[in-house]
Structures are given as structure tokens and as C-alpha cells.
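The following questions and answers concern a single protein chain. Each answer sets a value against the criterion that applies to it and then draws a conclusion.

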Amino acid sequence: MRHVEHVMGTVVSIELADDLPEPRLRELVAGTCAWLHEVDARFSTYRPDSEVSRLRRREIRPADCSPDLRLVLDRCADLWRETDGYFDAYATGPLDPSGYVKGWSVEVASARLAAAGSTRHHINAGGDIRMRGAGPDGGPWRVGVRHPWQADKLAWVLAVRDGAVATSGTYERGAHVWNPRTAAPATGLRSVTVAGPDLAVADAYATAALAMGEPGLAWLAERVAEGYESAAVTDDGRAFTSPGLPEAA
């Protein structure tokens with residue numbers, strides 16, 4: 001079953017490959033969509049009534065926030081330390097945890113689906129992708145990584161059964177990632193893709209490496225020991241991959 005939902009300012013595609021009755025599949029999709037809309041209502045920086053917006057206006061204190069928001073704030077703080085400040089929920093001034101929330105929400109959605117009996121699924125939220133089990137043909141799910149200059153071509157095709165793939169780049173939204181050392185848009189890397197066990201972490205690592213610029217290549221290489229493989233393209237067109245990147249045959 002395939003479903004497309006517009007939520008969190010992006011398009012989320014959900015595909016279930018489980019051998020389950022159609023009514024049950026529809027229930028699983030509906031539950032996933034409800035969760036994503038709940039996340040949007042709580043974390044959107046564009047909705048004045050969201051919990052994040054209220055926190056930004058200091059109408060509530062962090063201690064008074066929901067458990068989900070407190071968890072996200074804690075993880076953003078952890079990632080700030082783990083990335084030497086390059087992943088920063090305050091990079092543009094006011095709190096904006098969006099760089100963590102999208103990947104986290106999809107990771108949670110996948111875990112909820114698995115707990116509800118879906119062992120073969122694929123969720124893609126604007127290029128942040130979480131996969132479990134085998135794809136519709138019984139093999140791994142195939143993930144195309146867009147060429148950073150030619151929108152109709154792919155730079156890599158990855159094959160993943162249980163894991164996540166996140167890509168951060170400047171080719172669609174322009175210079176939207178900032179280097180905290182220079183207080184200017186990040187330069188040096190055109191595209192960074194990270195594959196690993198947790199989508200929230202993969203997404204944050206891709207964003208942090210992009211913010212670092214070319215020094216991010218060496219930083220990404222150190223993440224392999226944590227189970228996170230990567231692929232990157234520099235502004236001048238050089239391509240780099242870690243040895244264990246799950247490229248399709």
C-alpha cells in the first residue's frame with residue numbers, strides 16, 4: 001500500500017509491503033499520518049499556537065513542555081556537543097529544532113509501525129528515509145540520491161533493508177545551513193548523504209557535516225565506527241564515499 005501525505009511543510013510518502021489485510025494497512029497508514037500531524041502541531045515554527053512557538057515567546061518554560069519537546073531539546077543539546085557546535089538548534093537565533101524533528105518523527109513513526117505489526121515499510125519525508133525489512137520484491141529497498149546539479153540524474157543508488165538515509169544539500173533550498181564559526185552560509189560541500197541505523201542521527205550528522213564544509217569529510221569518516229556511512233559531493237564536483245556505503249549492485 002502506498003500513501004502520500006502533505007505535512008510538516010513537505011511531502012511524506014508511506015509504503016507498506018506487509019502481507020496484511022487492506023483494512024489493517026489503512027489503519028497503520030492513518031495512525032502514521034496522525035502522528036506526523038501531531039508532531040507538526042507541536043513543533044512547527046510557522047504555527048503561532050505550536051508548543052515550540054510558545055516556548056520561543058517564553059510563554060512556557062522548558063520544564064513545563066511536553067515530554068516529546070523536552071526529549072527533542074535534550075537530543076539537540078547532545079548533538080550540539082557531539083558535533084562541536086556545528087549542529088545548532090539556535091543557529092539562526094531563536095530556537096528551531098526542525099533539523100532534528102523531521103528525522104526523529106519519521107524514526108518514531110517507523111518504530112510505531114513495527115510495534116503495530118508492520119515489519120516491511122518505507123517512509124520518505126522530503127528525502128529523509130526510514131526503511132524496515134524487505135521491499136515489495138523481497139530484496140532491499142532502493143534509495144536514489146539525487147545528483148546535486150542534474151535533477152533528473154542520480155549520484156548514487158543505495159540498497160537498505162533496515163536503516164535510514166538522510167541527505168542535506170544546497171541544491172534545492174540554497175544556502176540554508178549556516179556555519180556557526182563564520183556566522184555565514186556553509187560552503188565547501190554541495191551535498192551530504194548519511195546512512196545508518198537511526199534517521200534522526202543520520203539527518204543531524206548530514207546537516208552538521210554540510211555546515212563544516214570540506215572538514216566535514218574527515219568528521220564523517222570518524223562516524224563509520226558508530227555505524228554511519230556517508231557520501232558527499234564538494235562544491236567543485238569531487239565525490240567521496242565511506243567504504244561501507246550500501247550501494248546497490
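Q: What makes S105 count as buried?
A: The relative accessible area of S105 is 0%. Buried means under 20%, so S105 is buried. The model is a predicted one.

Q: Where is S105 found, and which residues does S105 touch beyond those up to four places away in sequence?
A: S105 is found in helix α4. Not counting residues up to four places away, S105 touches M8, W35, L36 and V39.

Q: How do you know that the length of α4 agrees with its number of residues?
A: The 18 residues of α4, at 1.5 Å a residue, should span 26 Å. The end C-alpha atoms of α4 are 25 Å apart, which agrees with that expectation.

Q: Which residues of α4 are buried, and what do they pack against?
A: The buried residues of α4 are Y100, V101, G103, W104, S105, V106, E107, A109, S110 and L113. They pack against β2, α1, α3, β3, β4 (128-132) and α5.

Q: How do you know that the span of helix α1 agrees with its number of residues?
A: Helix α1 covers residues 22-43, and its 22 residues should span 32 Å at 1.5 Å a residue. The end C-alpha atoms of α1 are 32 Å apart, which agrees.

Q: Which residues of α1 are buried, and why are they said to be on the same side of the helix?
A: The buried residues of α1 are L25, L28, V29, T32, C33, W35, L36, V39, D40 and F43. They cover an arc of only 155° around the axis, which puts them on the same side of α1. In general, an α-helix has 3.6 residues a turn, so residues three or four places apart point the same way.

Q: What do the buried residues of α1 pack against?
A: Their partners are β1 (2-7), β2 (10-16), α2 (51-56), α3 (67-82), α4 (98-115) and β3 (121-125).

Q: Why is T32 called buried?
A: T32 has a relative accessible area of 4%. The cut-off for buried is under 20%, and T32 is therefore buried. T32 lies in helix α1. Leaving aside neighbours within four places in sequence, T32 is in contact with I14, A109, L113 and I123.

Q: Why are α1 and α4 called roughly antiparallel?
A: The axes of α1 and α4 come within 10 Å and cross at roughly 150°. Angles over 145 degrees count as roughly antiparallel, and α1 and α4 are therefore roughly antiparallel to each other. Their crossing is right-handed.

Q: Which residues of α1 and α4 meet?
A: From α1, the residues are L28, T32, W35, L36, V39 and F43; from α4, they are V101, W104, S105, V108, A109, R112 and L113.

Q: What makes α1 roughly perpendicular to α3?
A: α1 and α3 pack at an angle of about 75°, with their axes 11 Å apart. The range for roughly perpendicular is 65 to 115 degrees, so α1 is roughly perpendicular to α3. W35, E38, R42 and F43 of α1 make the contact with D68, L69 and V72 of α3.

Q: How do you know that V72 is buried?
A: V72 has 0% relative accessibility. Buried requires a value under 20%, so V72 counts as buried. V72 is placed in helix α3. Apart from neighbours within four places in sequence, V72 is in contact with F43, P97, Y100, V101 and W104.

Q: What makes α5 roughly antiparallel to α6?
A: Helix α5 (residues 199-212) and helix α6 (residues 215-222) pack at an angle of about 150°, with their axes 7 Å apart. The cut-off for roughly antiparallel is over 145 degrees, so α5 is roughly antiparallel to α6. The contact is made by Y205, A208, A209 and M212 of α5 and P215, G216, W219 and L220 of α6.

Q: Why is R58 called exposed?
A: The relative accessibility of R58 is 76%. Exposed means over 50%, so R58 counts as exposed. R58 is found in the loop between α2 and α3. R58 has a positive phi of about 65° although it is not a glycine.

Q: What makes D84 exposed?
A: D84 has a relative accessible area of 53%. The cut-off is over 50%, and D84 is therefore exposed. D84 lies in the loop between α3 and α4.

How values were computed. Residues numbered from 1 in each chain as written. Predicted model: local features only at pLDDT ≥ 70, side-chain atom pairs only at ≥ 80, totals over all residues. Heavy atoms only, no water. Helix = DSSP H or I, 4+ residues; strand = E, 2+ residues; numbered from the N terminus. Expected span 1.5 Å × (residues − 1). Buried < 20%, exposed > 50% of the residue type's maximum accessible area, 1.4 Å probe, protein only. Arc of directions from axis to C-beta. Contact = heavy atoms within 4.5 Å. Axes fitted to C-alpha atoms, helices over the stretch in contact; angles between N-to-C directions. Parallel < 35°, antiparallel > 145°, perpendicular 65-115°, else oblique. Left-handed = near helix turned anticlockwise from the far one by under 90°.
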